[in-house]
Amino acid sequence: MHKRRKLEFVDMPNLQGCEVSPMDWTLCVICQQPSNDKLICPTSVGYTSLVSNLTQFAEKGELPKTVKLQHMDEGHGIVSTLMTRKAKYHKLCRNRYDEQKLNRLLEKESTGNMEDQPPSISTRSSFTQVDIRTTCLFCDGSSQPGNKLISACTKDIGPTIYEQAVEMQNAQVLAKITSTDFCF
């Protein structure tokens, strides 16, 4: 799924007198938005984890422009600044940059673009539908003058073939059995 981004063109001469707004340490350090949600003040380990994740997201270009790491550093390192300022964040904001999201991002980057690759899961719809009256259920061979198909009709043949296909993990036979009018 592609993300939609809105681009705004800004007239640069109008920005010359503007200063960057300083960090408001009473708000969430990640979103800097006032909210009724509870703010969490973590331990030093929590700050270290947050900064590590945010810097890795920034290196990958996945950190939004609203999160400004440079404003979180007052000269002694980001973790030190967060601890001295007793910085807080919303749990929801922190979850956007947790270990799981970072691992997914790194995994996605290492495997490349998964959209170009076919799905790895075999489903009934991924197999072509076969008419079992004219095609062999097992080898996909068709009836020919010298190679005639034989119809097998014995009691409980459907469940037996199904059990064998499950045991052998034969996805093609399972798909054929479930997508045809095979009697069970």
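## Ground rules

Because the model is predicted, local features need pLDDT of at least 70 and side-chain atom pairs count only at pLDDT 80 or more, while totals for chains, interfaces and linings use all residues. Numbering starts from 1 along each chain as its sequence is written, and side-chain values use heavy atoms, with hydrogens and water left out.

## Helix 1 against helix 2

Let's start with helix 1 (residues 44–59) and helix 2 (residues 78–85), whose axes come within 9 Å and cross at roughly 135°. Helices here are DSSP runs of H or I with at least four residues, strands are E runs of at least two, and both are numbered from the N terminus. The axes are lines fitted to C-alpha atoms over the stretch in contact, with angles running from 0 to 180 degrees between N-to-C directions.

That angle makes helix 1 and helix 2 oblique to each other; under 35 degrees would be roughly parallel, over 145 roughly antiparallel, 65 to 115 roughly perpendicular, and the rest is oblique. On the helix 1 side, the contact (heavy atoms within 4.5 Å) is made by S44, Y47, T48, L50 and V51, and on the helix 2 side by I78, V79, L82 and M83. Sorted by class, that is seven nonpolar, two polar and no charged residues. Nonpolar covers Ala, Val, Leu, Ile, Met, Phe, Trp, Tyr, Cys and Pro, charged covers Asp, Glu, Lys and Arg, and the others, Gly among them, are polar.

## An aromatic pair

Rings of Phe, Tyr and Trp (its six-membered ring) pair if their centres lie within 6.5 Å; planes under 30 degrees apart are stacked, over 60 edge-to-face, and the rest tilted. The count comes to one aromatic pair. It's F57 with Y97: ring centres 5.2 Å apart and planes at 85°, so edge-to-face.

F57 sits in helix 1 and Y97 in the loop between helix 3 (91–95) and helix 4 (99–111), 40 residues apart, so the pair links distant parts of the chain. Both residues are buried, with buried meaning under 20% relative accessible area, exposed over 50%, and partly exposed in between (1.4 Å probe, protein chains only).

## Single residues worth a look

Most residues other than glycine have a negative phi. Q32, in the segment before strand 1 (39–40), has a positive phi of about 55°. K86, in the loop between helix 2 and strand 2 (89–90), has a positive phi of about 50°, and at 54% relative accessibility K86 counts as exposed.

H90 belongs to strand 2 and is buried, at 6% relative accessibility. Leaving aside neighbours within four places in sequence, H90 is in contact with C28, C31, Q33, S35, D37, K38 and L39.
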